Amino acid sequence: MHSHAFIVQVNDDEILAMQLITQACVTCTTGCLQRGKPFAVANSRHFSVGKGTVVRIGRSRFTRAVHGLISLIVPVASAVAGYLLSGLIAKKIGFESTETFKAVCAMSFLAVSAGIVFAVSRSRLHFLKPEILQVV
């Protein structure tokens, strides 16, 4: 996903930007709830930016690919692990390891891991800052 933002502060080690909803946001001084709070962006391509510069921000293709793979591989691997561990789980709780029980274990592991991936992706925990892709 790519969006536009404008630079609100440039320090030696950090660049802060604000989401740009419309062109009127650049000159707005009253503030608006839609704009939100300033956030840090990376300038790995070393663009010349200053306060008030309008930029296009987003994630790199590599980062988006890694996130996609993680959100696919972790739940599938968990479901396989649940299926393979169902025999041990059945022994521990005193059940018989039937195909139904194996399916329930696999689906339970899948649901829990998908929930964890969803919660992490929706949290404020972000491993990488969005980067400046283009100066507009």
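Leaving aside its neighbours within four places in sequence, which residues is Ser86 in contact with? Select Ser86 in this predicted model, and then show what surrounds the serine: beyond the neighbours within four places in sequence, Ser86 is in contact with Ser97, Phe101, Lys102 and Cys105. The place of Ser86 is in helix α1, and its relative accessible area of 1% falls under the 20% cut-off, so the residue counts as buried.

Next, select the two helices, α1 at residues 61-93 and α2 at residues 99-122. Two packed helices are described by the angle between their axes and the distance between the axes. Here the axes of α1 and α2 come within 7 Å and cross at roughly 140°, which means that α1 is oblique to α2.

A search of the whole structure finds 1 aromatic pair, and it is formed by the rings of Phe95 and Phe101, whose centres are 5.8 Å apart and whose planes stand at 75°, so that the pair is edge-to-face. With a surface displayed, compare the two partners: is Phe95 buried or exposed? Phe95 is exposed, with a relative accessible area of 52%, whereas Phe101 is buried, at 13%.

Then move to strand β1, residues 2-10, and select Ser3, which lies in that strand. Ser3 is buried as well, with a relative accessible area of 15%. Leaving aside neighbours within four places in sequence, the contacts of Ser3 are with Gln19, Val55, Arg56 and Ile57.

The protein has 2 helices and 5 strands, and if you trace the elements from the N terminus on, they run β-β-β-β-α-α-β. Colouring by accessibility will show where the buried residues lie, which make up 26% of the 136 residues in the protein. How much of the contact between residues with a separation of 6 or more comes from residues 24 or more positions apart? Such residues account for 65% of those contacts.

Note on methods: Residues numbered from 1 in each chain as written. Predicted model: local features only at pLDDT ≥ 70, side-chain atom pairs only at ≥ 80, totals over all residues. Heavy atoms only, no water. Axes fitted to C-alpha atoms, helices over the stretch in contact; angles between N-to-C directions. Helix = DSSP H or I, 4+ residues; strand = E, 2+ residues; numbered from the N terminus. Parallel < 35°, antiparallel > 145°, perpendicular 65-115°, else oblique. Buried < 20%, exposed > 50% of the residue type's maximum accessible area, 1.4 Å probe, protein only. Contact = heavy atoms within 4.5 Å. Phe/Tyr/Trp six-rings, centres within 6.5 Å; stacked < 30°, edge-to-face > 60°.
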